[in-house]
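Me: I would like to go through this structure term by term, asking each time what stands behind the word. Please set each value against its definition before you conclude.

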Amino acid sequence: MLRQWVTAQPQDAGKRRIEDFLPLALRNALPAITADLAGLATLQSEHPGEDGSARLLVALNDGQAVESVLLPRDGLCVSTQVGCAVGCLFCMTGRDGLLRQVGSAEIVAQVALARTRRFVKKVVFMGMGEPAHNLDNVMEAIDLLGTAGGIGHKNLVFSTVGDRRVFERLPQGPVKPALALSLHSTKDAKRRELLPRAPRLSPDELVELGEQYARATGYPIQYQWTLLDGINDGDDEIDGIVRLLKGKYALMNMIPYNTNEGLGFTRPSAEKAAAIARTLQSRGVLTKLRQSAGQDVEGGCGQLRARSADGGAVVRMPRRGERVPVRPAS
């Protein structure tokens with residue numbers, strides 16, 4: 001039953017009829033159980049992007065909301081907390097601090113919901129919240145998704161600002177996810193300023209711990225770098241990245257900032273971002289220039305939830321394949 005739920009299959013999808021192996025009491029309870037599972041995460045609004053992504057505002061059963069993102073190439077980004085305690089200066093999610101943890105079933109429910117809309121073969125724990133601050137629930141979700149959920153272990157990506165507990169716990173589980181580490185600066189003081197409540201790990205320490213995990217699992221570490229115009233896009237930071245990552249089992253993801261009104265940061269020009277990526281690549285650091293999904297709909301992490309909480313309009317978008325009435329031309 002869990003396998004059918006997390007893969008968005010109907011209860012009678014198997015080769016055997018449920019009447020043949022489930023006791024009557026459980027069969028009678030299935031409609032209520034199915035309804036409870038469906039109620040863990042429901043779609044409040046959907047906001048498609050021009051890049052093939054879609055930001056989902058997901059309502060939890062206590063009235064709180066989180067964001068999931070359907071990514072191009074069959075990926076999904078899920079949230080692990082309502083709000084966040086890290087307080088990254090450039091992120092809308094942490095504006096109101098941490099409101100509550102998202103339970104393991106609620107995390108998996110975001111995947112089940114997304115799979116009713118698209119095929120999902122990769123799940124990234126990189127939405128609202130810091131997974132390391134909800135480690136037990138996130139690890140339970142990872143174990144279920146990597147077994148009954150049918151997702152390859154390297155396609156489960158645990159994203160964190162860096163916490164020693166992560167490097168201790170992740171290698172111990174039956175499902176060992178890939179790891180993405182938020183770097184954002186190679187300078188300890190600047191990184192502490194940008195991520196004021198992140199654990200006190202210097203960039204050098206973070207990369208060393210990441211390299212140990214990469215070599216133990218065989219998955220390269222994905223380093224996340226949000227490009228902030230005039231803040232962390234200078235030649236000094238490029239030199240620092242080369243010093244830290246050249247020769248490491250690593251991939252640098254350069255992500256131009258998804259502008260949040262009122263936070264005081266902007267993203268560099270497309271030309272400058274591309275030049276940075278080319279420079280790093282030429283200097284021996286495997287680098288990909290990525291775009292944060294939802295930039296064209298102002299749907300960066302926390303923005304949809306913030307607009308909803310502030311009374312902003314939410315829009316229900318059609319499912320893939322759903323027929324939409326065509327308005328006659330006026």
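**Helix 3 and its cover**

Me: How do you know that the span of helix 3 agrees with its number of residues?

Reply: Helix 3 covers residues 104-115, twelve residues that at 1.5 Å a residue should span 16 Å, and because its end C-alpha atoms are 17 Å apart, the two values agree. The expected span is 1.5 Å times one less than the number of residues, and helices here are DSSP runs of H or I with at least four residues, strands being runs of E with at least two, both numbered from the N terminus. This is a predicted model, in which local features need pLDDT of at least 70 and side-chain atom pairs count only at pLDDT 80 or more, while totals for chains, interfaces and linings use all residues. Residues are numbered from 1 along each chain as its sequence is written, and side-chain values use heavy atoms, with hydrogens and water left out.

Me: What makes helix 3 mostly covered?

Reply: Eleven of its twelve residues are buried, a word that stands for under 20% relative accessible area, with exposed meaning over 50% and partly exposed in between (1.4 Å probe, protein chains only). Among the buried residues of helix 3 are Ser104, Glu106, Ile107, Val108 and Arg115.

Me: Why are strand 1 and strand 12 said to stand at the edges?

Reply: The ten strands form an open sheet in the order 1-2-3-4-7-8-9-10-11-12, with mixed pairing. Strand 1 (41-48) and strand 12 (287-289) each have a single partner strand, so one side of each is left without a neighbour in the sheet. From one strand to the next the twist averages 25°.

Me: What makes strand 9 and strand 10 a pair, and in which sense do they pair?

Reply: Two strands pair if DSSP finds at least two bridges between them, and strand 9 (residues 178-182) and strand 10 (residues 221-227) have three, in the parallel sense. Ser182 has Gln224 of strand 10 as its bridge partner, and Ala180 has Gln222. Strand 10 also pairs with strand 11 in the parallel sense, over seven bridges, and Leu227 stands opposite Pro256 in strand 11.

Me: Why is strand 10 called largely enclosed?

Reply: Seven of the seven residues of strand 10 are buried, so the strand is largely enclosed by the rest of the structure. Ile221, Tyr223, Trp225 and Leu227 point one way, Gln222, Gln224 and Thr226 point the other way, and all are buried.

Me: How do you know that the length of helix 7 fits its residues, and what covers its buried residues?

Reply: The 15 residues of helix 7 (residues 203-217) should span 21 Å at 1.5 Å a residue, and because its end C-alpha atoms are 21 Å apart, the length agrees. Its buried residues include Pro203, Leu206, Val207 and Tyr213, and what covers the buried residues of helix 7 includes helix 5 (164-169), strand 9, helix 6 (188-194), strand 10 and helix 8. Gly218, with a positive phi near 85°, follows helix 7.

Me: Which residues make the contact of helix 8 with helix 9, and how do the two helices cross?

Reply: The axes of helix 8 and helix 9 (residues 270-282) come within 10 Å and cross at roughly 35°, where axes are lines fitted to C-alpha atoms, for helices over the stretch in contact, and angles run from 0 to 180 degrees between N-to-C directions. Ile238, Ile241 and Val242 in helix 8 meet Ile276, Thr279 and Leu280 in helix 9, contact meaning heavy atoms within 4.5 Å.

**Lys121 and the residues it touches**

Me: Why is Lys121 called partly exposed, and what does it touch?

Reply: Lys121 lies in the loop between helix 3 and strand 7, and because its relative accessibility is 42%, Lys121 counts as partly exposed. Leaving aside neighbours within four places in sequence, Lys121 is in contact with Arg73, Asp74, Ile151 and Asn155.
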